[in-house]
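Hello,

Here is the structure we talked about, ready for you to open. My notes on what turned up in it follow below.

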Amino acid sequence: MLSNPGTTTYSLDTRAIGAADLPAFLSEWQDRMGPAFRLPSYEPATMADFRVRFRTVAMPDVLVHRQESYSRLRTADGPDAAGAIVLYILHNGEMVFDAPHARDRHTVPSNGFLLRRLMRSSGVTSGPQVLGTAITLPESDLGPLLGDRKISGSLDTAEMLLLNAHADMIWRHGAELSPVGAQAARDALVELAKAVVRGAVDHTETQLAPALVRTAKSLADRRLTDPRLSATTLAHALNVSVRTLQRAFAADDESVAAYIRTRRLEEARRDLTNPAGRLTITEIAARWQFADSGHLSRAFRQHYGQTPTEYIRASRISEPPVAEVQVPVR
């Protein structure tokens with residue numbers, strides 16, 4: 001467990017503890033997170049085989065909880081949780097939300113999400129090998145906008161791409177955030193949740209710029225071999241104008257084109273000395289969308305101070321010599 005004035009984090013892997021010790025660890029989690037974030041109740045069968053790994057980051061009124069389950073889980077939301085607003089994100093597997101009426105039941109598939117209020121009479125079932133993130137959000141900010149609606153869909157929408165990337169940053173680096181940074185991260189997360197409810201991002205919200213840059217970079221990293229990758233295609237995927245995207249990058253003294261070029265050069269450099277499958281410089285240039293080997297060589301030298309050929313030669317010189325194996329004579 002780590003904490004600072006802005007955040008509290010707690011991690012647990014129940015596979016490493018015995019069933020008798022589990023209540024004490026869950027009680028400690030509750031003590032750390034506080035009464036605002038109460039654990040749901042679990043069915044006895046679930047507690048008898050409770051194999052999960054999770055890490056939670058909590059702020060005063062926001063919680064980001066990522067969990068991987070290795071056994072079947074079944075919960076029933078207790079009265080203390082009723083009314084809370086939670087965004088469920090499924091990275092892998094499936095979750096089923098039960099309800100007294102069939103029309104209120106909902107299944108969240110892999111790469112899907114569900115934003116809703118918890119209902120006192122509902123329960124959640126998930127099978128083994130489920131990886132998901134649950135984000136508890138402040139009712140004061142989201143309640144008037146959400147009402148009694150349930151919002152669901154794919155993680156590939158522009159709003160969820162932005163929110164998912166921002167929540168991932170909080171989950172990974174929450175313990176490192178200063179109080180001011182934690183407040184800014186919290187506010188941006190709430191604004192992104194509002195964007196999910198509205199179905200559109202408020203482009204005038206300057207506090208969303210870091211999330212926009214982070215998500216654009218993540219998308220670019222997955223599409224570096226795509227010849228169509230550009231500021232325009234990224235802006236289209238994120239449902240913002242090119243100007244808005246460029247302005248967000250400019251806040252970090254960077255441009256979209258410069259980021260794409262730098263990342264392609266980094267991948268080209270990795271290919272130059274990849275022992276698994278040595279490609280020619282011409283093949284590497286084509287793979288990472290340089291016009292030809294000459295264009296790659298000039299860009300590589302400008303960025304790294306040496307040509308690809310010089311880099312390969314220097315890498316070979318710096319490799320440690322292979323030790324001779326002495327075979328004993330029988």
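Let me start with the lining of the largest pocket: helix 1 (22-33), strand 5 (63-69), strand 6 (73-76), strand 7 (85-92), strand 11 (123-126) and strand 12 (130-137) each give it at least two residues. Strand 12 provides the largest share, with five residues. Please keep in mind as you look around that this is a predicted model.

The space in the largest pocket comes to about 740 Å³. Its lining counts 34 residues, and those closest to the centre are Pro 40, Tyr 42, His 65, Tyr 88 and Ala 134. Sorted by class, the lining has 23 nonpolar residues, eight polar ones and three charged ones.

How far can you trust the model? The mean pLDDT of the chain is 86, and 89% of the residues score at least 70. Confidence is highest in helix 9, at a mean of 96, and lowest in strand 1 (residues 2-3), at 46.

Now to the charged pairs. Side chains of opposite charge can pair when their charged atoms come close.

Asp 221 and Arg 263 form a salt bridge, with 2.9 Å between the closest N and O atoms. Asp 221 belongs to helix 6 (residues 209-222) and Arg 263 to helix 9 (residues 256-272), so this pair ties together parts that lie 42 residues apart in sequence. How exposed or buried is each partner? Asp 221 is partly exposed, at 33% relative accessibility, whereas Arg 263 is buried, because its relative accessible area of 14% falls under the 20% cut-off.

Another salt bridge links the side chains of Arg 228 and Asp 226, at 3.2 Å from N to O. Here Arg 228 is exposed, with 63% relative accessibility, while Asp 226 counts as buried at 19%. Turning to salt bridges that share partners, these join Asp 221, Arg 263, Glu 266, Glu 267 and Arg 270 into one network.

Asp 49 and Arg 51 make a further salt bridge through their side chains, at 2.8 Å from N to O. Asp 49 is partly exposed, at 34% relative accessibility, and Arg 51 is partly exposed as well, at 33%.

I hope this helps you find your way around.

Best wishes

Terms used: Residues are numbered from 1 along each chain as its sequence is written. This is a predicted model: local features need pLDDT of at least 70, side-chain atom pairs count only at pLDDT 80 or more; totals for chains, interfaces and linings use all residues. Side-chain values use heavy atoms; hydrogens and water are left out. A salt bridge is a side-chain nitrogen of Lys or Arg within 4 Å of a carboxyl oxygen of Asp or Glu. Buried means under 20% relative accessible area, exposed over 50%, partly exposed in between (1.4 Å probe, protein chains only). Helices (H or I, at least four residues) and strands (E, at least two) are DSSP runs, numbered from the N terminus. pLDDT is the predictor's confidence in each residue, from 0 to 100. On a 1 Å grid over the protein atoms alone, a cavity is a set of points where a 1.4 Å probe fits but cannot get out, and a pocket is an open set with protein on both sides within 12 Å along at least five of seven lines; lining residues have an atom within 4 Å of a point. Grid points are joined across faces, edges and corners, and a volume is the space filled by probe spheres set on the points. Ala, Val, Leu, Ile, Met, Phe, Trp, Tyr, Cys and Pro count as nonpolar, Asp, Glu, Lys and Arg as charged, and the others, Gly among them, as polar.
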